[in-house]
Amino acid sequence: MSISLDKYSGLIFDMDGTLLDTMPAHVEAWKKTAEHFNFPFDGEWLHSLGGMPSPKIAAEVSKKYAITLDYTEVSAFKMASFASANTEAAPIEVTHTILKGSQGQFKTAIGTGSQRVSAMGLLEKNNLLPLLDAVVTATDVENHKPNPDTFLLAAEKIGLEPTQCVVFEDTELGKQAAHAAGMDCIMVCNNQLSFFPV
């Protein structure tokens, strides 16, 4: 990898689409939800909202199509659809390798827009929990990405200043959140990494 991590003490990873390839399953769950609640389905647009919790996405859908949805009901259906898919989320190789190689050198954390129950289940299923010092989920913060709260709390939990951490992300929302937190961001796309300093 040509991006040097030498200046950092902490690595903070988004989960969906960054460490685990769960985005197709999330989009598929939204497709079922759109069919059930009879609203238009735009997979590409929904994919771009990765990192945002389901109730917030339901609110965005409502706004985009000028329709009235019960955000709680819609997000509960979507999360149930995702859970029942029994997602086998393959680790994304490039970030998985970095996480495994970081043991003993860096503090590591997850900063995800997924709910805690879902996130812990996926991390456990993929044997990632032993590699992490902290996990911050949508359940743990009030203001979600693109707000900086998720990543600021992750840095706090691993005992580091924001400037000592770098964030790995796969969505524009996540990059905005990292930069808002005062952290450099490494974007993951097609198993390639690109560096975006704050």
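How many aromatic pairs does a search of the whole structure find? I ran that search on the predicted model, and it gives three aromatic pairs.

**Entry: the stacked pair**

I took Phe-13 and Phe-168 to begin with. Their ring centres lie 4.7 Å apart and their planes meet at 10°. Planes under 30 degrees apart count as stacked, so this pair is stacked. I then checked where the two residues sit in the chain. Phe-13 belongs to strand 1 and Phe-168 to strand 4. They are 155 residues apart, so I noted the pair as a link between distant parts of the chain.

**Entry: the edge-to-face pair**

Next I looked up Phe-37 and Phe-77. The centre-to-centre distance is 5.5 Å, with 85° between the planes. That makes the pair edge-to-face. It too links distant parts of the chain. Phe-37 lies in helix 1 (residues 23-37), Phe-77 in helix 4 (residues 71-84), and 40 residues separate them.

**Entry: strand 4**

Which residues lie on each face? I find Cys-165, Val-167 and Glu-169 on one side. Val-166 and Phe-168 are on the other. Both faces are covered. I noted that Glu-169 is among the buried residues.

I then looked for the neighbours of strand 4. Strand 1 (residues 10-13) runs parallel to it, joined by four bridges. Within that pairing, Leu-11 has Val-166 as its bridge partner. Strand 5 (residues 184-189) is also parallel to strand 4, again with four bridges. Here Phe-168 is the bridge partner of Ile-186.

What do strand 4, helix 8 and strand 5 make together? They form a right-handed β-α-β unit, with helix 8 spanning residues 172-180.

**Entry: charges over rings**

Last, I looked for lysines above aromatic rings. Lys-64 places its charged end over the ring of Trp-45, 4.7 Å from the ring centre. The charged end of Lys-78 sits over the ring of Phe-82, at 5.2 Å from the centre.

Notes: Residues are numbered from 1 along each chain as its sequence is written. This is a predicted model: local features need pLDDT of at least 70, side-chain atom pairs count only at pLDDT 80 or more; totals for chains, interfaces and linings use all residues. Side-chain values use heavy atoms; hydrogens and water are left out. Buried means under 20% relative accessible area, exposed over 50%, partly exposed in between (1.4 Å probe, protein chains only). Helices (H or I, at least four residues) and strands (E, at least two) are DSSP runs, numbered from the N terminus. Two strands pair if DSSP finds at least two bridges between them. A crossover is right-handed if, with the strands pointing away from the viewer, the path from the first strand over the helix to the second runs clockwise. Rings of Phe, Tyr and Trp (its six-membered ring) pair if their centres lie within 6.5 Å; planes under 30 degrees apart count as stacked, over 60 as edge-to-face and the rest as tilted. A charge sits over a ring if NZ of Lys or CZ of Arg is within 6 Å of the ring centre and within 35 degrees of the ring normal.
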